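User: I would like to learn how to read helices, salt bridges and surface patches in a structural model. Please take one feature at a time.

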Amino acid sequence: VALGKPDEAKAVLEDALNRARSQQKRGHEAQVLILLGKLASQMGDRQQAIADLEGAAQFSKRVQFFRMEADAMFELATLYRDAGDLPTAEDRATDGLEASQHVGDRYYVPRNLTILADLKARRGRVSEANALYEQAEDVIESMLISVDEAYWNSSVAASMSQTYLQHFELVTKNGDVSGAFHVLERVRG
């Protein structure tokens with residue numbers, strides 16, 4: 001894909017999918033389905049991306065690969081959100097969050113909470129969105145507390161900055177000055 005050869009990338013992934021299926025390597029199969037969905041999305045084929053990712057999500061759920069289910073659901077939530085189908089996006093984001101929480105995944109839980117909060121905000125459920133952003137920030141802060149090295153702290157904080165940014169935008173858009181200061185204090189902390 002990086003070389004500008006998406007058709008070749010697709011052929012490689014389809015070959016990998018066939019091999020994973022023939023060797024009954026379910027984890028590889030789920031991962032390749034996710035990669036095919038992401039590739040279809042990058043190529044502008046939203047319908048194929050959704051089909052691949054829905055297949056990956058259902059397959060991952062069936063074989064109890066919750067981390068991959070969460071990844072597929074996150075990608076689906078993004079696709080449905082961008083297409084304007086907010087109810088379906090919210091359903092996929094909720095399923096992805098549940099899958100992440102099932103395995104106790106701390107790194108991706110904030111990402112999943114953040115997209116769900118964004119969807120709640122877009123649907124006018126501001127208090128629910130605010131609570132989800134705060135929950136995501138709690139998880140981020142718990143990760144930062146457990147990391148001693150400054151490099152890793154800044155790396156985690158940078159990768160999770162979207163949560164704080166979106167939360168700040170939500171509270172300022174709704175005129176919540178004290179909420180805005182609260183978000184800023186969390187970032188500063």
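Analyst: In this predicted model, helix α1 covers residues 6–22, 17 residues in total. From first C-alpha to last it reaches 24 Å, close to the 24 Å expected at 1.5 Å a residue.

User: Which residues of α1 are buried, and how are they arranged around its axis?

Analyst: The general idea comes before the case. An α-helix has 3.6 residues a turn, so residues three or four places apart point the same way. In α1, the buried residues are Ala9, Leu13, Leu17 and Ala20. Viewed down the axis of α1, these buried residues fall within an arc of 75°, so they line one face of the helix. Helix α2 (26–42) is included in what covers them.

User: What does the face of α1 turned away from the buried side carry?

Analyst: That face carries the exposed residues Asp7, Glu8, Val12, Arg19 and Ser22. Just after α1, Gln24 takes a positive phi of about 55°.

User: Are Arg92 and Glu54 buried or exposed?

Analyst: The cut-off for buried is under 20% relative accessible area. Arg92 counts as buried because its relative accessibility is 18%, and Glu54 counts as buried at 16%.

User: Which helices does the salt bridge between Arg186 and Asp138 link?

Analyst: The closest N and O atoms of Arg186 and Asp138 are 2.3 Å apart. This pair links distant parts of the chain, with Arg186 in helix α10 and Asp138 in helix α7 (residues 126–145), 48 residues apart. Arg186 is buried at 12% relative accessibility, whereas Asp138 is partly exposed at 44%.

User: Which residues form a nonpolar patch on the surface?

Analyst: Val177, Phe181 and Leu184 form such a patch, with about 300 Å² of accessible area together. Phe181 lies in helix α10 (residues 177–188) and is exposed, its relative accessible area being 53%.

How values were computed
Residues are numbered from 1 along each chain as its sequence is written. This is a predicted model: local features need pLDDT of at least 70, side-chain atom pairs count only at pLDDT 80 or more; totals for chains, interfaces and linings use all residues. Side-chain values use heavy atoms; hydrogens and water are left out. Patches are made of residues with over 30% relative accessible area and no salt bridge: like charges are joined within 9 Å, nonpolar side chains (Val, Leu, Ile, Met, Phe, Trp, Tyr) within 5 Å. Accessible areas come from the Shrake-Rupley method with a 1.4 Å probe; for residues, only the protein chains shown count as cover. A salt bridge is a side-chain nitrogen of Lys or Arg within 4 Å of a carboxyl oxygen of Asp or Glu. Helices (H or I, at least four residues) and strands (E, at least two) are DSSP runs, numbered from the N terminus. Buried means under 20% relative accessible area, exposed over 50%, partly exposed in between (1.4 Å probe, protein chains only). The expected span of a helix is 1.5 Å times one less than its number of residues. The arc is that of the directions from the helix axis to the C-beta atoms. Contact means heavy atoms within 4.5 Å.
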